Amino acid sequence: MLFVVHPAHVEAAAWVASRKDLMAGAIGFLAAATLARGLRTGWPYRYGLSAAVLLLLACFSKAAGMAQVLFLTTLIVAAWRQDPEVATERKIATLMLLWVVVVFAAIVHMKVAETTGIRIENHPGGMAVFDRASRIFSMLGGLLLLPHPMGLYHDVYRMGEWHWLTSMAGVLLTLLALAVLCVRRVLWPLGVVLAVVPWAVYLQLIPFTTWSMASERFLFVSVGGLAIVLVDVMGCLAQPRRIIALLLMISVPMALITWKRVGEWELGTTLRALEYERQPEFHNAIRDQILPVLLSKQQYLEAETLARRVHRGYGAAALLALVHAESAFTEWDKSRAAGPPTPASGLTYCLAMTSVRHALSVGYAQILGEPDVSYNNLLRSIERQTKIRFGYAPGICGAIPAT
């Protein structure tokens, strides 16, 4: 029940693009269950091999599935001393097999990410990288433990410097859980490790493009870890009434939030409008107001005003250039509908397209030292919109004299 009603699952279940999170998480759970069964029955090779195959499937469902190897490693380390009669070579072979699978998957994912543009060059400096990782860690922990309000976007840079305290507390709790597992077979430390290890991929230590550096769908596996911790806590109560009371006290508010969140997703086109109302200063929320809403209604002045609110100058410049290109294209299209398009309208349009390309070039150069890599997603969206909306621009501009 605790796993089912958590509000973080809504995005993973409702958004078709997040089905890969469900697949990677579910297959990762199967890999952990298979390995755990093998560790209880004498470490037979068939269970280790089956777990490795399932782990490989999880890795290729989504790159984040690779983090599951950390939890599987924890299971092996926790069971290492429990069966002294099992040969050490067999234990090492099981562990190495899992890591070979993950290394192979990592190499493939890195090659694919380089060709698709998901992997980006970003070197803002060591302190900025640790600050970013700490903010992401704190935001994900907050969404897991206090899942309200939920949303498409979570701006980690809105957090104060207190994120260092929460992230360090989370790291210390994880280290404590690992230490306990080395000496005792307890359930709650496994839950802590399972909740935290999936975040390793999302901390942007290896930068990748994303529209929000902290997202609800990142928590699918982590909710399973939280459920394990709560099950262990409830088991310690030993009184059914207290267990039921605690279960209702936790699950009912979560169920209400989940119900509300499902209703928001059912609204479809108005979902992003709600997200803009919730976080009107976030650049990707501004983008989602300009591209599908204001430009489609030809409200160019409003779009320009909104674009200027983007905090980074290069992001604002790219959005403004796109708005000007859309406005120039509309004028050129009207001129064409009325008769042969005038050279002046075509020239204005081509100059606007040149400005878009220049703004994108400047923006991508800035990403190299940008702490907030979600701005890269803003630039990619503008570039994609330009290709889709103005696909035949080279033919038009090629026919216009340079003078």
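1. Glu264 belongs to helix α10, which spans residues 240-266. The structure under discussion is a predicted model, and the remarks below should be read accordingly. Glu264 has a relative accessibility of 16% and therefore counts as buried, the limit being under 20%.

2. The side chain of Glu264 has two polar contacts to consider. One is with the side chain of Lys260, at 2.7 Å; another is with the side chain of Arg261, at 2.5 Å. An α-helix has 3.6 residues a turn, so residues three or four places apart point the same way.

3. Which residues does Glu264 contact when its neighbours within four places in sequence are left aside? They are Leu271 and Leu274.

4. Helix α8 covers residues 187-196, and eight of its ten residues are buried, so the helix is largely enclosed by the rest of the structure. The buried residues are Pro189, Leu190, Gly191, Val192, Val193, Leu194, Ala195 and Val196.

5. What covers the buried residues of α8? The cover includes α2 (19-40), α4 (68-79), α6 (126-145), α7 (163-183) and α9 (220-237).

6. The pairing of α4 with α8 can be described geometrically. Their axes come within 9 Å and cross at roughly 160°. Angles over 145 degrees count as roughly antiparallel, so this description applies to α4 relative to α8. The crossing of the two helices, α4 and α8, is right-handed.

7. On the α4 side, the contact is made by Gln68, Phe71, Thr74 and Leu75; on the α8 side, it is made by Leu190, Val193 and Leu194. By residue class, the contact of α4 with α8 comprises five nonpolar residues, two polar residues and no charged ones.

8. Is Leu75 buried or exposed? Its relative accessible area is 11%, so Leu75 is buried. With residues up to four places away in sequence not counted, Leu75 touches Ala32, Leu35, Leu39 and Leu190. Leu190 is among the buried residues of α8 and is also one of the α8 residues in the contact with α4.

Methods:
Residues are numbered from 1 along each chain as its sequence is written. This is a predicted model: local features need pLDDT of at least 70, side-chain atom pairs count only at pLDDT 80 or more; totals for chains, interfaces and linings use all residues. Side-chain values use heavy atoms; hydrogens and water are left out. Helices (H or I, at least four residues) and strands (E, at least two) are DSSP runs, numbered from the N terminus. Buried means under 20% relative accessible area, exposed over 50%, partly exposed in between (1.4 Å probe, protein chains only). A polar contact is a pair of N or O atoms within 3.5 Å; within protein, one must be able to donate a hydrogen and the other to accept it, and residues adjacent in sequence count only if both atoms are side-chain atoms. Contact means heavy atoms within 4.5 Å. Axes are lines fitted to C-alpha atoms, for helices over the stretch in contact, and angles run from 0 to 180 degrees between N-to-C directions. Angles under 35 degrees count as roughly parallel, over 145 as roughly antiparallel, 65 to 115 as roughly perpendicular and the rest as oblique. A crossing is left-handed if the near helix is turned anticlockwise from the far one by less than a right angle, and right-handed if clockwise. Ala, Val, Leu, Ile, Met, Phe, Trp, Tyr, Cys and Pro count as nonpolar, Asp, Glu, Lys and Arg as charged, and the others, Gly among them, as polar.
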